[in-house]
Structure formats: structure tokens, C-alpha cells
Amino acid sequence: MISPEPGEFLDLLTAEEIDDLRAAGRPRQWERGTTVMNEGETADWVLVLTSGRVKVSSHTEGGTEVVLAIRGPGALLGDMSALDGHPRSGTVTALEPVEGIVVRDFPDFLRRHGRVAVLLMRLIVGRLRDADRKRVEYGAYDTTGRVATRLVELAERYGEPVDGGVRVALPLSQDELAGWTGASREAVSKALRTLRDRGLIETGRLRVVVHDLDELRRHAR
């Protein structure tokens with residue numbers, strides 16, 4: 001049974017459309033740490049995640065990784081390259097074991113499902129709006145504010161209630177969090193220490209517990 005994240009591609013499809021998507025593709029699995037898609041490659045296939053989470057990243061000319069997004073069950077990946085034929089704009093890496101449906105000739109699927117094509121356009125617009133919002137964050141927030149913003153997002157999307165707060169159930173390292181906030185690892189470490197000292201979070205290896213989500217939201221502004 002697939003449990004897509006709210007608002008993701010698969011969450012928007014009808015049961016009949018999902019059945020047609022499965023018929024048009026084939027299932028695949030990747031282990032944690034495996035590269036699912038490579039930036040710069042040209043490919044005609046898309047991936048619809050059915051379980052597990054991935055990071056989408058790109059590298060600067062200096063080799064610094066920039067994390068563009070964290071995507072989970074129901075997400076559609078690789079659609080831009082499949083639609084326009086240009087090289088992929090990011091690398092997709094499994095943060096944990098993932099499963100998905102690989103669909104080749106995705107444009108043909110969209111031609112046969114006009115409603116899905118319209119939904120995809122809305123999703124793409126949503127991504128553009130999210131990218132604009134993050135650009136504003138980078139210009140207006142300090143590192144602590146950007147880290148708090150990402151932690152709030154992770155807690156809201158992947159949080160699991162525990163004694164004393166919400167545990168972020170996602171194996172994300174400080175280096176990856178730094179790449180997602182557009183800051184150095186040292187700056188992110190300092191920001192996490194600040195939030196810990198204020199009693200808002202508790203951190204461990206690949207683990208964060210948010211003790212006061214409302215107060216963390218205030219630091220994310």
C-alpha cells in the first residue's frame with residue numbers, strides 16, 4: 001500500500017491513473033547511499049517514488065554540494081529532462097532504501113492522460129514558487145534562521161512524536177543540512193548549538209529532536 005506525501009504527484013492521481021502508471025513502468029529498488037539519477041546525464045525515464053526518501057542536489061564548480069530538495073513517497077523525479085530532452089539538472093541520492101516506478105516515454109503517458117499533464121504543470125509552478133521563497137530566505141535570514149526553517153519543514157513533513165517533542169525521522173547529516181541551507185558546515189554546527197542552548201532542539205548522530213516546534217518556527221522568521 002503506497003502512502004504518498006500530501007500534495008506529491010502520486011497523491012494527486014486517481015486509482016485508475018495510478019494503475020495506468022504502473023502498467024507503463026516497472027518497479028525498481030535502490031539501497032541507501034545509491035545514486036538514482038546523475039546530474040548532467042540525458043535520459044528519457046522518470047521515477048515515481050513509492051517508498052523511502054531521497055535528496056536532490058547539485059554541485060558548484062568548486063565541488064560544494066548544494067541540496068535542492070528532499071523528496072519522499074509519491075514524488076515525481078526526472079520529469080524536466082524527460083520532457084525537454086536536456087541533461088538532468090540535479091543528482092538524486094537515496095537517503096534510505098527506496099522503491100519506485102520507472103516510467104519510460106513519460107510524454108506519451110501525459111498525452112494519454114490530459115488531466116495528469118495539467119496537474120504536472122501545477123506541480124512545476126509550485127516548485128518554482130518554492131525556489132523563489134528559498135532565494136528570499138537566503139537573502140533575508142541568517143544561518144540560524146535558515147537552519148530553523150529547514151528543521152521546521154523536516155519536523156512537519158517527517159516528524160514522529162516522542163517524549164518531550166518531535167523526532168525528525170530522516171538520516172540527514174550536518175554536511176547535507178549545510179548544503180540545504182546554503183551555509184558552511186561550521187556555520188550550521190554553530191546554528192545548531194545556538195538552538196540547542198535555547199532548549200529548542202536536541203541533536204545526535206543523524207538525529208534531531210525538536211522540543212519546542214512553535215518557538216522554532218519563530219526563529220525561522
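Me: Before we get to Gly159, what makes a stretch a strand here?
Reply: A strand is a DSSP run of E, at least two residues long, numbered from the N terminus. In this predicted model, Gly159 sits in strand β9, residues 159-162.

Me: Why is Gly159 called partly exposed, rather than buried or exposed?
Reply: Its relative accessible area is 29%. Buried would need under 20%, and exposed over 50%. Because 29% falls in between, Gly159 counts as partly exposed.

Me: How do you know which residues Gly159 is in contact with, neighbours within four places in sequence aside?
Reply: The test is heavy atoms within 4.5 Å. With those neighbours left out, Leu154, Val166 and Arg167 pass it for Gly159. As for Val208, 49 residues away along the chain, its C-alpha atom is 9.6 Å from that of Gly159.

Me: Where does the "HTH crp-type" label come from?
Reply: From UniProt: an unreviewed entry lists residues 141-214 as that domain. In the model, this span is 53% helix and 22% strand, and its end C-alpha atoms are 18 Å apart.

Me: What makes β4 and β5 a pair?
Reply: Pairing takes at least two bridges found by DSSP. Strand β4 (residues 54-59) has six to β5, so the two count as paired, and they run antiparallel. Lys55 stands opposite Ile70 in β5.

Me: Why are β2 and β5 called edge strands?
Reply: The open sheet has four strands in the order β2-β7-β4-β5, with antiparallel pairing. Strands β2 (35-37) and β5 (65-71) each pair on one side only, and that puts them at the edges. From one strand to the next, the twist averages 35°.

How values were computed:
Residues numbered from 1 in each chain as written. Predicted model: local features only at pLDDT ≥ 70, side-chain atom pairs only at ≥ 80, totals over all residues. Heavy atoms only, no water. Axes fitted to C-alpha atoms, helices over the stretch in contact; angles between N-to-C directions. UniProt positions renumbered as here; feature names shortened; annotations may be inferred. Buried < 20%, exposed > 50% of the residue type's maximum accessible area, 1.4 Å probe, protein only.
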